[in-house]
Amino acid sequence: MLFDYHMHSNFSGDCSTPMEHTIQSAIRKGLKEICFTEHVDYDYPDPTIQFKPDLAGYDKEIKAMQAKYEGEISIKKGIEIGVQPHVLDRCEKLVLEENFDFIICSMHATDRKNLHHGEFFHNRSAEAAYQLYYEELLHCVQNYDQYSILGHLDLVKRYKKLNSNENFHEIIREIFQTIIPKGKGIEVNTSGFAYGLGSAMPSADILTLYKECGGEILTIGSDAHEAEHVAHRFKETLQLLESIGFEYITTFTNKEPTFHPIKQII
């Protein structure tokens, strides 16, 4: 009963994998349900890449794949929205105009600068960069509600290592205290293993903090951009979640959550 709720196809600007290849990989690995979450990042600070998918084409392809693989695997239509404080109105407009089963809220740029290529970290200490990243994420969740879960909450660590033991739990707790009463959750993104972080995102200490704050809504996703990465390192990640005290993994249909006992999955 595995579910992968973060994956991309050639409808995302940073992926060339046909949707069907990823679906076939998921079937081979025994997954029950998957959700494609194509990128939308308005005003992304890199002119060489466009994160504005062909939404009509995406909808058509999803429906074709749902019909073709009916009875073999459940395929949901999601989106990964890249938030920044100055694009929240555009993000809200998109979600209200389109129909998605599931929406990931992620932050890939901070201070209007690129995390991936490192511009954001220029002339900033790692500690100052992390603090600003979480401050902008907090602002976004305080002012934007059109999403299901927060994606790879501690993504900033992928691009810059800290030189101290600062864990930023104080501001992360503020984020959790903002989203949990609104019925929002977080994802556990296993791509952290592929990027050499030694864990999923967020790390175990942040997952424990989420649990302590009363968080229960959790999705698990591989962030696969290539078919073979579907469900990467899911078993040990689910075992970690169970050891922390989480009981359920969540899936979504038309933005409504369904809870699945972890014990039945692993």
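Reader: What makes D111 partly exposed?
Author: In this predicted model, the relative accessible area of D111 is 27%. Buried requires a value under 20% and exposed a value over 50%, and partly exposed is what lies in between. D111 is therefore called partly exposed, at 27%.

Reader: Where is D111 placed, and what is its phi?
Author: D111 sits in the loop between β5 (109–110) and β6 (113–114). Its phi is near 55 degrees, a positive value in a residue that is not glycine. Most residues other than glycine have a negative phi.

Reader: Which value makes K255 partly exposed?
Author: K255 has a relative accessible area of 33%. With the limits at 20% and 50%, K255 is therefore put in the class in between. K255 belongs to the loop between β10 (248–253) and β11 (256–261), and its phi is positive, about 70 degrees, although K255 is not a glycine.

Reader: How do you know that the peptide bond from M201 to P202 is cis?
Author: Omega of this bond is near 0 degrees, and the bond from M201 to P202 is cis on that value. Most peptide bonds are trans. P202 lies in the loop between α6 (191–194) and α7 (204–212).

Reader: Why is E80 called buried?
Author: The relative accessible area of E80 is 0%. Buried means under 20%, so E80 qualifies. E80 is part of strand β3.

Reader: What does E80 touch, not counting residues up to four places away in sequence?
Author: The residues touched by E80 are H6, H8, T37, E38, H39, V40, I104, S106, H108 and H152, with sequence neighbours up to four places away left out. G30 is 50 residues from E80 along the chain, and the C-alpha atoms of these two are separated by 24 Å.

Reader: Why is the pair E80 and H8 called a polar contact?
Author: The side chains of E80 and H8 are joined at 3.2 Å. The limit is 3.5 Å between N or O atoms, one able to donate a hydrogen and the other to accept it, so a pair at 3.2 Å is within the distance limit. The side chains of E80 and H152 make a polar contact as well, at 3.3 Å.

Reader: What makes S12 buried?
Author: S12 has a relative accessible area of 3%. This is under 20%, so S12 is called buried. S12 is located in the loop between β1 (2–7) and α1 (19–28). Its side chain reaches the backbone nitrogen of H39 at 3.0 Å. Not counting residues up to four places away in sequence, S12 touches E38 and H39.

Reader: Which residues of helix α3 are buried, and how do you know on which side they are?
Author: In α3 (residues 88–97) the buried residues are L88, C91, L94 and V95. They cover an arc of only 125 degrees around the axis, so they are on the same side of the helix. An α-helix has 3.6 residues a turn, so residues three or four places apart point the same way. D89, L96 and E97 are exposed on the other side of α3. The cover over the buried residues of α3 includes β2 (31–41), α2 (55–68), β3 (74–82), β4 (102–106) and α4 (126–143).

Reader: Which residues have the most contacts inside the largest nonpolar core?
Author: Y134 and L153 do, in a core of 81 residues. Helix α4 gives the most to this core, with eight residues.

Reader: What makes E20 and K68 a salt bridge?
Author: Their closest N and O atoms are 2.6 Å apart. The limit is 4 Å, so the pair counts. E20 is in helix α1 and K68 in helix α2, 48 residues apart, and the pair links distant parts of the chain.

Reader: Why is the pair K76 and E33 called a salt bridge?
Author: The closest N and O atoms are 3.6 Å apart, which is within 4 Å, so K76 and E33 count. This pair links strand β3, which holds K76, to strand β2, which holds E33, over 43 residues. K76 and E33 are both buried.

Reader: How many salt bridges does the structure hold?
Author: It holds eleven. One of them joins K182 and D145, with the closest N and O atoms 2.9 Å apart.

Key. Residues are numbered from 1 along each chain as its sequence is written. This is a predicted model: local features need pLDDT of at least 70, side-chain atom pairs count only at pLDDT 80 or more; totals for chains, interfaces and linings use all residues. Side-chain values use heavy atoms; hydrogens and water are left out. Buried means under 20% relative accessible area, exposed over 50%, partly exposed in between (1.4 Å probe, protein chains only). Helices (H or I, at least four residues) and strands (E, at least two) are DSSP runs, numbered from the N terminus. The arc is that of the directions from the helix axis to the C-beta atoms. Contact means heavy atoms within 4.5 Å. A nonpolar core is a set of buried Ala, Val, Leu, Ile, Met, Phe, Trp, Tyr and Cys residues joined through side-chain atoms within 4.5 Å. A salt bridge is a side-chain nitrogen of Lys or Arg within 4 Å of a carboxyl oxygen of Asp or Glu.
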